[in-house]
Amino acid sequence: MKKSSVALRLRKSRNMFVLIAVAPIAAMILMVILFVYGELQGIKATYHIDSEKIDSPYTIFDKVLLLNSYTKYDFLELQDTALRNPTVFLDEEFLKKENEMLKNKYSFLAVILDGEFTYFGNKQYYDQTGMGVLMGRNNVYGNNAQYLDAGSQRFLLKKLGLYLPDGRIGSVCIVTDLNINLPHITIFTIGLICMVIIISVLVIIAIIGYAYYNIVIPIRKLQAAVIRIANGEMDYKIQTNETNEFTELFKDFDGMRIALKESIEERNKADALTKEVIGNISHDLKTPLTAIKGYAEGILDGVASTPDRMERYVRTIHSKASDMAGLVDELSYFTKIYQKKETFRFAEVNVNRYFGECISDMVLDLETREIQLLYQCYVDEDTRIVLDTDKIKRVISNIVGNAVKYINRTQGMILIRITYETDWITVMIRDNGKGIEKEELPYIFDRFYRTDSSRNSRTGGSGLGLAIAKKIVDEHGGKIWAESELDQGTAIYFTIPIYHSQVEE
């Protein structure tokens, strides 16, 4: 799942990179296409070009095609005038008027009669174009322009025949200059350059904006989070509503923060536990050590002058040493199980047989204490569960041992009852001791907790028995709790899940 998530993030990053890299180029190409299309439409309208003659965008730069088409209708009008009223070409005012209109189309008018120019609209080019105009043949159609190359000057020539009523023959010519720069080419070039610059600037701004909002700001957020967490603000969470490349990184960072917070909390708990253990052990060892020291000094000082007294002193020292050994053993076991250094060896067992053996081991010891032990098992003979036999036995032993300490009746009684539920078995251990106040019930499974107001209670013990029992039950996936009434006794329950194959059967 994690590999799939990483692959998805890499794919998203690649797609975003491709988008950032390709989108500006695609936008520029689209803008150029639209710009060229608009120019072509404008050229068609301005230069009177038929659609079938525009076969490529390069038409924009074809001066011959454009200027030839530009004067097409002027030539047709002159041709029509020459047929209907040829004498008008002898009128200087008419010729000047026509020439002025042709100037706007980079052209001028020339009239030839009897082999000589009677009108030449542009004296500047007379030397370069005059001979070519004279030698050019008459055209029939206005779109059949002739190309003239007069050294450094290039022209287009449209020439039609002129027949006057008095018998004179001549020609009417439209001469178009090919050396000029057409405005639309200049506009197109400038527009294309401006468009490229504008698009490039916009792309740069977009990239900078994207980088700032999607890279710089998230990095700053991450940097601020690192500083705050380094200062101990382990609950600080990066707040973001965006969905970008950093979203998953923020989630991973927050996961790391939570793991680090839990690690620090565990370490603090371990440190607190260490301090608590040291304090409680110091307190709990002080009493037996003081007693051992006092009785040992009594023996050394000769106070135990009789054999009976000596035996009593020695037995007391032995008893106190045994209490200390038990306390150290409980502490060692508690430390291992809470630091997860204690290995659990789970095995499948028969419920009736296993708990029956556990109870039988306790009967004799409880009888010597004048405590009656009752055992009731309401579980089918073939019911099986998976557990660690030694550790569950220790749970029962700790609970029973705790009950024995607080039975203050001459006729003590402990009842152990096992019942069957759908997915687990429930073990109840009830005593008829003095009970526990309701305010104290939630804390009896805490380490080092005792219901006695003083740790010097005659009941003794480490205060770890029920804490160890809870930890073992938790590791089995079960639950443990207590019910109690003052002067009536206490019942402690714990559950163990039933072996799954048995449930399926």
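Is Leu202 buried or exposed? Leu202 is exposed, at a relative accessible area of 52%. That value comes from a predicted model.

Leu202 sits in helix α6, which spans residues 183–230. Leu202 also belongs to a nonpolar surface patch of about 560 Å².

**Covered helices**

Helix α2 covers residues 63–70. Of its 8 residues, 6 are buried, which leaves the helix mostly covered. The buried set in α2 is Leu65, Leu66, Leu67, Asn68, Ser69 and Tyr70.

Asn99 lies in helix α4, residues 92–103. Asn99 is buried, with a relative accessible area of 2%. What does Asn99 touch, leaving aside neighbours within four places in sequence? Its contacts are Ser107, Phe108, Leu109, Tyr119 and Gly121.

**Cysteines**

How many disulfides does a search of the whole structure find? The search returns 0. Cys358 is buried, while Cys377 counts as partly exposed.

**Accessibility by residue**

| Residue | Relative accessible area | Class |
|---|---|---|
| Asn99 | 2% | buried |
| Leu202 | 52% | exposed |
| Cys358 | 3% | buried |
| Cys377 | 22% | partly exposed |

Two of these classes follow directly from the cut-offs. Leu202 is classed as exposed because its 52% is over 50%. Cys358 is classed as buried because its 3% is under 20%.

Notes
Residues are numbered from 1 along each chain as its sequence is written. This is a predicted model: local features need pLDDT of at least 70, side-chain atom pairs count only at pLDDT 80 or more; totals for chains, interfaces and linings use all residues. Side-chain values use heavy atoms; hydrogens and water are left out. A disulfide is a pair of cysteine sulfur atoms within 2.5 Å. Buried means under 20% relative accessible area, exposed over 50%, partly exposed in between (1.4 Å probe, protein chains only). Helices (H or I, at least four residues) and strands (E, at least two) are DSSP runs, numbered from the N terminus. Patches are made of residues with over 30% relative accessible area and no salt bridge: like charges are joined within 9 Å, nonpolar side chains (Val, Leu, Ile, Met, Phe, Trp, Tyr) within 5 Å. Accessible areas come from the Shrake-Rupley method with a 1.4 Å probe; for residues, only the protein chains shown count as cover. A salt bridge is a side-chain nitrogen of Lys or Arg within 4 Å of a carboxyl oxygen of Asp or Glu. Contact means heavy atoms within 4.5 Å.
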